Structure formats: C-alpha cells, structure tokens
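Me: I would like to learn how to read the features of a model from its geometry. Please take them one at a time.

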Amino acid sequence: MTTNAELFDRARRVIPGGVNSPVRAFGSVGGSPYFVTRAEGPHVWDVEGNRYLDLVQSYGAIILGHAHPVVVDAVLSAAADGTSYGAPTQREVELAEEICRRVPSIEQVRLVNSGTEATMSAIRLARGFTGRPKVVKFAGCYHGHADALLVAGGSGVATLGLPGSAGVTEHQVAETVVAPYNDVPVLDDQTACVIVEPVAANMGLIPPVAGFLEGLRAECDRVGALLIFDEVITGFRLGDGGAQGFFGVIPDLTCLGKVIGGGLPIGAFGGRADIMSSLAPVGPVYQAGTLSGNPLATAAGLAVLSQLNDSLFSTLQQRVSRFATGLERALRDAGVPARVPACGTLCGLYLGDEPPVDYDGAKQTDERLYAQLFHALLERGVAIAPGAYEVMMVGVAHTDEVLERIIAIAAEAAATLG
Ligand SMILES: Cc1ncc(COP(=O)(O)O)c(C=O)c1O
C-alpha cells in the first residue's frame, strides 16, 4: 500500500513543495498531507484507508457534499458528449440565466475558469469602463493570485506570512491601495473600483460590521467608482443571492467561483449590463478563454444550482449556528481559548479571546495552538484546513448528527492539548 509520506516524497521531486496550491503542503501545521483517493458526502478517504469528516470541502467548492449523485450523473453524461468544443453551448446559456436570475446585481455574466480569473478580469473591466487606474482592496482579503491583488492577501499568503509575492513588481501594485477591513476608506476620483469580500473568509471569518458594506456603496457612488463584491466564497453559500442578497447591498460587479462549478474548474464575473458590454467582442476590454464555459463545469454547476433553494439555505444556516455555538463551548470548556464566529452558513475558528474585526486582529490567532488542534482533530478523523486563516465549510451533507460528532471529537481533541 502506498503511504501518504511516500506519495509526498514522490510529489516533492516533481511538483514544487509537493502540492499544486501552497496551503495543502501542511507547511504551517507540520507533517505530511493526506493524499485523497475518494470522497462521499461529508467524508474523504486517504491512500492509507483513513476516513475523515471533512470540513475543507474543497475550500468551499463543494456545498452538496462530495460526489453528490445529481452532480456525478450530470458530469458523466456531459463527458460522454465530449469535454470541450471551442464553440458556444446551450448549458452555458442556461447557467448564465440561472446566475442572472438569482444574483441581484448580475444582469450579464461571463464564465471563466477560476476565481482568480474572475477577479483579475473584473478589475480590468472596472479600469476599462471608468478610465481610472486605482483599485482599493482590504488587508486580509484574498482575491486569488492576480498581480494587482496579491498584496496584503489572506489565505495562503497570510499562512506563509508574506506581505505579497516575489515576482510582483512595485509597478504592478502601484495603483493598488490597501485599506483596513471594516473601515470605509475615503476615495478619490482616480479610483476605478473597490473590491471586497463582503464577508471576509480568508483571514478566518470576519463578518462586515454594521454599515460597512452600505458605507462602501455610498462612498463608491460619491466618487463614481465601481463596487466589486468578491463572492467566490459567499456566492451561492450565504444564500441564492450570495452576500448581496443576504445583506441587501448591491454591488456593480460580482465575482463568483467555487460552488457554481460543483468542484470543477470555473469562475464568473457579472454585473450591470452597461458595464459588462464594455467586454470584447462588444466593447474594448479584452477577456477570453479556451476552456471558458466548459461543458463539464457548466453541467456540474447547473446540477448544483438545481438543488439550492431558500429552505435549504435556512436549514443550513440554523445548523451552522448550532454548530458554531456547540463547538465554541466544547473547545472553551476544554480550556482552549477559541471563538467560532458564524455568519449565515459560514463559520470560522479563531484561537484567542477577542473576535477580530480586521486583519491586524485576525493575525493574533494562536497559530501554534491551531497546528496542535489541527493534528489532534486529524488523528481522530476530523479534517479542518491546514492553515489558520481558512474557514470551516459546513454543507448539506453535514447533518446535525455529523456536526454533533465533530463537536464531541473536538472536545476530546482539545482535552489533549497542554
Ligand atoms: C474570496 C476569494 N476570491 C478569489 C479566490 C480565488 O479563486 P481560485 O482559487 O479559484 O482562483 C478565492 C480562493 O480561495 C477566494 O476565497
């Protein structure tokens, strides 16, 4: 039998760090990653046959649980008809129609291949549409790895303790202004757009304070800048209408990814039709993709969306709320100073007493303790993300019984930490 350690050794010879996305390498928690062979519902299995209750769920790409039969059937049947054509298809139109129907700000949408492509393209569109150079982002928000946005990033950039990335020149970020989260910045008439995670989910979970999103809307309107919601995590997770439906604040452009591909590579950006019509082939802002609107990804996405509705989201929200309260209590009763903030169907894990409202606060989380807790959980069959700045993804497959089991395991794991 191949072991995780053997595979990691092989991987490191041919893949930098042995992984295709940095946080997966277990760098901040130590040890060898588990190599997954299959997954079903709330579970994943590794090459050694270990089974884990999975709170990673592909960092939020999976909401129905792994290998949901409706998604699997849709992908299998699409694959039999060919995997990519380079010509438009009916399913692209249907997925675009579904997205436009459900997301309040989106009148038109363009499908791309990842969240990174979505934010990168939305920024270019905002600059092209307004004719202005500056982009405002918030410290600790992660918008993928496009050059202009790779400064003060959350997620893996935070886990690795990097201010940004080597290879990104000063020139490339000269027009990127970084502001503290939950504090409305004063903009000027050189600002093309403000991009924000409407619920920050890459520096742990930090909900917007009252008035923050409304304040951003008003300040963008005051100077004629575009407001971009990066809903790559919150889209179709906080509800059918994402964070904008949840909070009732409507951005000009919205970026999507993750859930809308059901685990296949996809992204999307959309918004007001007058802005979207600046895109090629109608307008002068160029954007393209060989695999964009891919037949398998659109089949999976449509299958997922067909299962999502208001009652499912409200059930999920109640479950997450009970889970967050129960988990926080279990950890604190065992002497671990933990906070489990929840917002709608999202919840995070902050190891400290004072729940943060911005990146400076988020960085106070006890990363050493997180690593210990991570391994104590993993040994007992519960997988959380191997990075202290990620959130926990509770989906449809995490029934109350599953979540209660996770809380019980967490209590046991926490009791072992000295
Ligand atoms: C809010 C947000 N935006 C953008 C991205 C980038 O998406 P992708 O990893 O698909 O490029 C992520 C990825 O985690 C994200 O969380």
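What follows is a dialogue on domains, core, helices and single residues.

Me: What should be settled before reading anything?

Reply: This is a predicted model, in which local features need pLDDT of at least 70, side-chain atom pairs count only at pLDDT 80 or more, and totals for chains, interfaces and linings use all residues. Residues are numbered from 1 along each chain as its sequence is written.

Me: Which domains does the assignment give?

Reply: Domain bounds come from an automatic or database domain assignment. Here the assignment gives domain 1 (4–63 + 309–415) and domain 2 (69–307). Their centres, taken over C-alpha atoms, are separated by 24 Å.

Me: How many residues does the contact take from domain 1 and from domain 2?

Reply: Two residues are in contact if their C-beta atoms, placed from the backbone, lie within 7 Å. Domain 1 supplies 31 residues and domain 2 supplies 33 residues. On the side of domain 1 that touches domain 2, the elements giving two or more residues are α2 (57–60), α12 (310–333), β13 (346–347) and α13 (359–362). Helices (H or I, at least four residues) and strands (E, at least two) are DSSP runs, numbered from the N terminus. By type, the residues of that side of domain 1 are 19 nonpolar, nine polar and three charged. The classes are as follows: Ala, Val, Leu, Ile, Met, Phe, Trp, Tyr, Cys and Pro count as nonpolar, Asp, Glu, Lys and Arg as charged, and the others, Gly among them, as polar.

Me: Which residues have the most contacts inside the largest nonpolar core?

Reply: In soluble globular proteins, nonpolar side chains tend to be buried together. A residue is buried if 20 or more other C-beta atoms lie within 10 Å of its own, exposed if 12 or fewer, and partly exposed in between, with C-beta atoms placed from the backbone. A nonpolar core is a set of buried Ala, Val, Leu, Ile, Met, Phe, Trp, Tyr and Cys residues joined through C-beta atoms within 7 Å. The largest such core has 138 residues, and Leu226, Ile228 and Cys347 have the most contacts inside it. Domain 1 and domain 2 both give residues to this core, so it lies between them. Beyond four places in sequence, the residues that Cys347 touches include Leu205, Val320, Phe323 and Met392.

Me: How is the length of a helix checked, say for α4?

Reply: The expected span is 1.5 Å times one less than the number of residues. Helix α4 (residues 90–102) has 13 residues and should span 18 Å; its end C-alpha atoms are 19 Å apart, which agrees. Its buried residues are Leu95, Glu98 and Ile99. They cover an arc of only 95° around the axis, which puts them on the same side of α4; the arc is that of the directions from the helix axis to the C-beta atoms. The face turned away from the buried side carries the exposed residues Gln90, Val93, Glu97 and Arg101. Among the elements covering the buried residues of α4 are β4 (108–112) and α11 (295–307).

Me: What do the buried residues of α12 pack against?

Reply: α12 has 24 residues and reaches 35 Å from its first C-alpha to its last, close to the 34 Å expected. Its buried residues include Phe313, Val320, Phe323 and Glu328. The buried residues of α12 pack against β11 (338–339), β12 (342–343), β13 and α15 (400–415). After α12 comes Gly335, with a positive phi near 90°.

Me: Which residue other than glycine has a phi near 50°?

Reply: Backbone angles are read residue by residue. Tyr59 has this positive phi near 50°; Tyr59 sits in helix α2 and counts as buried, with 22 C-beta neighbours inside 10 Å. Asn182, also not a glycine, has a positive phi of about 70°. Asn182 is in the loop between β6 (176–179) and β7 (191–196) and is buried, with 21 C-beta neighbours inside 10 Å.

Me: Where is a cis peptide bond found?

Reply: Omega is the angle to read. It is about 10° at the cis bond joining Ala280 and Pro281. Pro281 lies in the loop between α10 and α11.

Me: Is Asp274 buried or exposed?

Reply: Asp274, in helix α10 (residues 273–276), counts as exposed, with 11 C-beta neighbours inside 10 Å.
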